[in-house]
Amino acid sequence: MNHTYDSYKADMLARGFDEVISRDWPAGAELDTHVHDFGLEAVVSAGEMWLTVGDTTRHLQPGDTFALNAGVPHAERYGAAGATYWVARRHPA
């Protein structure tokens, strides 16, 4: 990745996201299909994860990005070392 968390956060806030956080997930964690009431863009900063939306599963590693609109059903699974991603959220007004 070509930037730090602080530069990522500043960039995403400047793009209109209202919350930017770093999420750490433990090894082997799994989240069954769920939805969020916010849209998001994220970048994996460590570890690996699998993101499933519909019939498509993406294997994400450091530097990979993903985005989800509010209300999109998805599931998450994290690798043997867990994962960390930086996520920018846009909550409804």
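1. Strands, labelled E, are DSSP runs of at least two residues, numbered from the N terminus. Ala-46 has its place in one of these, strand E3. The model is a predicted one.

2. Ala-46 has a relative accessible area of 33% and is therefore partly exposed. Leaving out residues up to four places away in sequence, Ala-46 touches Pro-62, Gly-82, Ala-83 and Thr-84.

3. The largest nonpolar core has 15 residues, and the members that touch the most others are Leu-40, Met-49, Phe-66, Tyr-78 and Tyr-85. Strands E3 (39-53), E5 (65-68) and E6 (74-90) are the elements that each give two or more residues to this core. E3 supplies the largest share, five residues. A separate core of seven residues includes Tyr-8, Phe-17, Val-20 and Ala-88.

4. What does Tyr-78 contact beyond its neighbours within four places in sequence? The contacts are Trp-25, Pro-26, Gly-28, Ala-29, Leu-31, Glu-48, Met-49, Trp-50, Ala-83 and Tyr-85.

5. The whole structure holds four aromatic pairs. In one of them, the ring centres of Tyr-5 and Trp-86 are 5.7 Å apart with the planes at 70 degrees, so this pair is edge-to-face. It links distant parts of the chain, since Tyr-5 is in helix H1 (residues 5-14) and Trp-86 in strand E6, 81 residues apart. Tyr-5 counts as partly exposed at 23% relative accessibility, whereas Trp-86 is buried at 10%.

6. Tyr-8 also pairs with Trp-86: the centres are 5.6 Å apart and the planes at 45 degrees, so the pair is tilted. Tyr-8 and Trp-86 are both buried. Tyr-5, Tyr-8 and Trp-86 form one aromatic cluster.

7. Two arginines lie over rings. The charged end of Arg-77 sits over the ring of Trp-50, 4.1 Å from the ring centre. Arg-90 lies over the face of Phe-17, at 3.9 Å from the ring centre.

8. Leaving aside neighbours within four places in sequence, His-34 is in contact with Val-72, Pro-73, His-74 and Glu-76.

How values were computed. Residues are numbered from 1 along each chain as its sequence is written. This is a predicted model: local features need pLDDT of at least 70, side-chain atom pairs count only at pLDDT 80 or more; totals for chains, interfaces and linings use all residues. Side-chain values use heavy atoms; hydrogens and water are left out. A nonpolar core is a set of buried Ala, Val, Leu, Ile, Met, Phe, Trp, Tyr and Cys residues joined through side-chain atoms within 4.5 Å. Buried means under 20% relative accessible area, exposed over 50%, partly exposed in between (1.4 Å probe, protein chains only). Helices (H or I, at least four residues) and strands (E, at least two) are DSSP runs, numbered from the N terminus. Contact means heavy atoms within 4.5 Å. Rings of Phe, Tyr and Trp (its six-membered ring) pair if their centres lie within 6.5 Å; planes under 30 degrees apart count as stacked, over 60 as edge-to-face and the rest as tilted. A charge sits over a ring if NZ of Lys or CZ of Arg is within 6 Å of the ring centre and within 35 degrees of the ring normal.
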